[in-house]
Each structure stands twice: as structure tokens, then as C-alpha cells.
Amino acid sequence: MSRYLRGFFIVWIVLRYGLDELLLSGFPNPLLRALRRLITIGRDLTAPRGQRLREALEALGPIFVKLGQVLSTRRDLMPPDIADELARLQDRVPPFPSQVAVATIERAFGQKLDQVFASFDQQPVASASIAQVHFAVLHDGREVAVKVLRPGMLPVIDKDLGLMRLMAGWVEKLSADGKRLKPREVVAEFDKYLHDELDLVREASNAAQLRRNMADLDLVLIPEMYWDWCRTEVLVMERMKGVPISQVARLREAGVDIPKLARDGVTIFFTQVFRDGFFHADMHPGNIQVSLDPATFGRYISLDFGIVGTLTQFDKEYLAQNFTAFFRRDYKRVAELHIESGWVPEDTRVDELEAGIRSVCEPYFDRPLKEISLGMVLMRLFQISRRFNVEIQPQLVLLQKTLLNIEGLGRDLDPELDLWNTAKPFLEKWMIDQLGPKMFWQQLKAEAPQYAKLIPELPRLLHDFLRQRKSDESRELRALLSEQRRTNRLLQGLIYGGLGFALGLLAMQLLVRVRLW
């Protein structure tokens, strides 16, 4: 019954914000257009379609807000005006009552709140669609941040996802662009993100991995996870003290080198992507602070690790080659890489794809970041992609999203930052490290234990191989001779049969002539 009530509520929101009109406007059928004009009588739908969609998602609650955030990253699927409007959805949503948070903590640990914490701030310091955060102090004096999952999220998520799948199926069947937009794949992707974020132990493990990876870079701080106090619904971590990176004026007054901060952000991003293949994929300003502590002055502070991206070695090498070719303006190599990877059909003409890529990228080089919109570049690249039937790679969606976040962050910090020239030396060094003697030596050291075990066995293995080879050769020779004898017999039969046939014809001719004579 609750599912049907939820469905009726969703339908009411759809009608209230005119999303039905938004859906029908995509059909060219004259009857459907007439129906659209009919159902809009008496409703005020003068607001832009992107604004109406954003407001509808906000009215439907945290799960649909998160869906809007995910959709805003799929600029390959969304029209620009809708994607820009969905990008305005904020992480901050109304917090749930502190009494509920306390009850969740006590249930997770099986202890009273005062047995776990020496003090606990009832007022949350941050509230998002999935969880909210409170500050507290452990009994040993350590200051911590306590992240508490919103109660009852899993049943609500499963119900809403079921309805989303149903609606996605309708859109795919009814809309001419349904297959290209892949609504069911978008919902499946959203399902994965949500269920990953509902497990705070998974988030803690993501943070621990990033902390290890970034330990030697001295550019970013990641809070320590206190595993004794980590549960699926509650996460206790080191409290980080910093200034939100969006407060640029305050950072500048404190003496932070803002241009260096912008360059460090690019370095952190490309290090996580190309060195580790494991990157923080939710790098919007709300999740990034800057330390003003004298010991770590000017370093980034990363928060919220519910969403991380991973890349295989093949993905890293392919992307690095693409980026390097882009920075060198070698558009032919970019086109060749797309064909070699199978992203475009094999029969695609390299020169046509090269010309399309050049028309997109060339106008944007040699400009400061304030004059470059990576979002616009990506949108035009997606248009080129559709023209050449390029398949969008799911594993790169989070990378695209994070790259757009880096663009916005860099523009806020230093509008004069040249993102291309900042990243180019880093990528070229990475390519040299991956393909040069350093990587060969590292791989040799990694395989050394296996080699050490194999080398003493080489004489015996070589002897067995040669012996087996000799035996195999003898067996093959016998089989070859047998086959040759069989072939000879067949040829002899054919020859004798042919001679007999010819002699028979000759005898018949002689017999006929004798009778006629």
C-alpha cells in the first residue's frame, strides 16, 4: 500500500511541475503534441524545463536529489540546459532529528551514547541526502567526526528504485531517443552508487586506501578511520580542521598561495587517476577544505569518500596517451586511439574523425582557464561521438564528473590557471615512467620471487621439453607416414579406375565398329 501511495505522490509531483509536458514535448507526433497542449491548460509552466525538473526532484526527497546529482554528471545524455540546472542541486538537505541520530549510534554500538563519547554535539555540522555529521570527543580525548546514516533509507531506496526502473522502461519504449539515452542503465548506475554509499564501512575502507596512496605526496590530508567505532550505519573518523575551499578571500587573508593551491589540485587529481587508478570521485567544494595549521599549512583536506572511481591499467595507459596527444594537438593520434580501442567502428575514416576532434579542441588551447569550459568541450566531443557512433565507456563516467569538478574548483581559485600546461608535464613524466627503464626495473623486482623459484627448475624443464618434443616429433612423423600411405592408396585407386574406364570405352568403340563392318 505504501508503494502505491508513493507512486501517487510521484505522479502528483510530475503533474504539478509539468514533467508530463516535458516528456511529451520530445515526441514529434502531432497527436501527442495536441495532447501536450491540452493537458497544460490551466497550469503555469512558464518556468524553464530544467528548473521545473530540479524543483520536482527536490520535492520528491533525498533519493531523487541524489538521482539529479548523478544525472547532472551524464552530460553525454542530458541536454545542456537541464544538465546545468541539475548541477545546482546542493548536498545540504534538511537534517533529521538528533534524537534519531543518537538512537542509531546506540543501536550500532550496543552502548549508551555517554559510554562511547565523552561529549557529543547534538547539532549536526553537515547534512546530506544519505547521512549527516556530528562532532564528538572520545574518552581518550581524541576529537572525532561522527557520520550517521539516515534511518530507514534502504526500504525507501528500494521502493523508489523499483518505480524508477518502471518509468525508465516506459521512457525507453515510448521515446524515440530512449535507447540512446539508456534510462535503465542510468538507473542501474544510480542503484550501484546508492547502495555503495549506504555502507559506511565501505566508505571507511575507501578513505583508508586513499590515505595510504597519498601519504608520500604531502599535498592532501585524509582523516584517519577509527575502525573500533566503524559500523555500517555509523562512521567515526579523525576530526579535520580547515577552511572550506570556497572561502577564497579568507584563505588569501591567511596567507595561502592561491595559484599554488590550484596547481596542487590538478596534481592531486592526476596522481590519483594515472598513478593509482583510484580517485576521489566527489570532489565538489563542499567536500574539500584547506588546512591553516602551521604543520600542514596550505594542504588540501578531502572529506566524504562514499564515491570513488577506479581505472584498470589499460584504462590508465589509454587515457594518458589520449591526454598527451590532446596536449600536443596530435588529433590524428587521438582518432587512431579511438579506433584501436574499439570505441568507434573499425571502418571509421581516421581523417574524418581527426577533423571532427580538431574542430572541437583547437579553439580552446592557449587560453587561461577562465576562457575554457571543459563542460562545453565535453559536450561538443559527445556530439562528435554520436556522429561517429562512439560508445560511451561506463568506467569513465566518474572520471568525467570529477574532471568537471576540477574545472570549477580551478576557476574559483585561479581564473588564470592554464589547466592544459599544468597537466602536460605531469602526464609526459608518467608516460616515461610507465614505458621507460624505471617501470621495467619495478616489474622485474615484482617478478623476482617467481623468477628465483623458476630458475633452479630450468634445466629439468628444458630437458623435459626437449624429450617431449622428440617424442612428439616421432609421433607426428608416424602419423604423417600413415597419412601418406593412405593418400598413395587413394591415388592408385583413382589411377586404376581411370585406366579401366578408358579401356572400357576403347573396347566398346571397337565392338561397335566390328558390328557395323
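This is a predicted model: local features need pLDDT of at least 70, side-chain atom pairs count only at pLDDT 80 or more; totals for chains, interfaces and linings use all residues.

Me: Why is L494 called exposed?

Reply: L494 has a relative accessible area of 56%. Exposed means over 50%, so L494 is exposed.

Me: Where is L494, and which patch does it belong to?

Reply: L494 is in helix α22, residues 458–516. Together with L490 and L491, L494 forms a nonpolar patch on the surface, with about 320 Å² of accessible area together.

Me: What makes L490, L491 and L494 a nonpolar patch?

Reply: Leu counts among the nonpolar side chains, which are joined within 5 Å when each residue has over 30% relative accessible area and no salt bridge. L490, L491 and L494 are listed as such a patch, so they meet these conditions.

Me: Which residues of helix α16 are buried, and what does that word mean?

Reply: In α16, residues 331–340, the buried residues are Y331, V334, A335, L337, H338 and I339. Buried means under 20% relative accessible area, so each of these residues falls under that cut-off. They pack against α15 (313–327) and α17 (350–361). Just after α16, G342 takes a positive phi of about 85°.

Me: Which residues touch the most other members of the largest nonpolar core?

Reply: They are I245, L261, F274, Y300 and L413, in a core of 80 residues. Helix α14 (residues 258–276) gives the largest share, nine residues. At least three residues come from each of domain 1 (3–91 + 155–193) and domain 2 (243–435). Another core, of 17 residues, lies apart from it and includes F109, F120, V144 and Y226.

Technical notes: Residues are numbered from 1 along each chain as its sequence is written. Side-chain values use heavy atoms; hydrogens and water are left out. Buried means under 20% relative accessible area, exposed over 50%, partly exposed in between (1.4 Å probe, protein chains only). Helices (H or I, at least four residues) and strands (E, at least two) are DSSP runs, numbered from the N terminus. Contact means heavy atoms within 4.5 Å. Patches are made of residues with over 30% relative accessible area and no salt bridge: like charges are joined within 9 Å, nonpolar side chains (Val, Leu, Ile, Met, Phe, Trp, Tyr) within 5 Å. Accessible areas come from the Shrake-Rupley method with a 1.4 Å probe; for residues, only the protein chains shown count as cover. A salt bridge is a side-chain nitrogen of Lys or Arg within 4 Å of a carboxyl oxygen of Asp or Glu. A nonpolar core is a set of buried Ala, Val, Leu, Ile, Met, Phe, Trp, Tyr and Cys residues joined through side-chain atoms within 4.5 Å. Domain bounds come from an automatic or database domain assignment.
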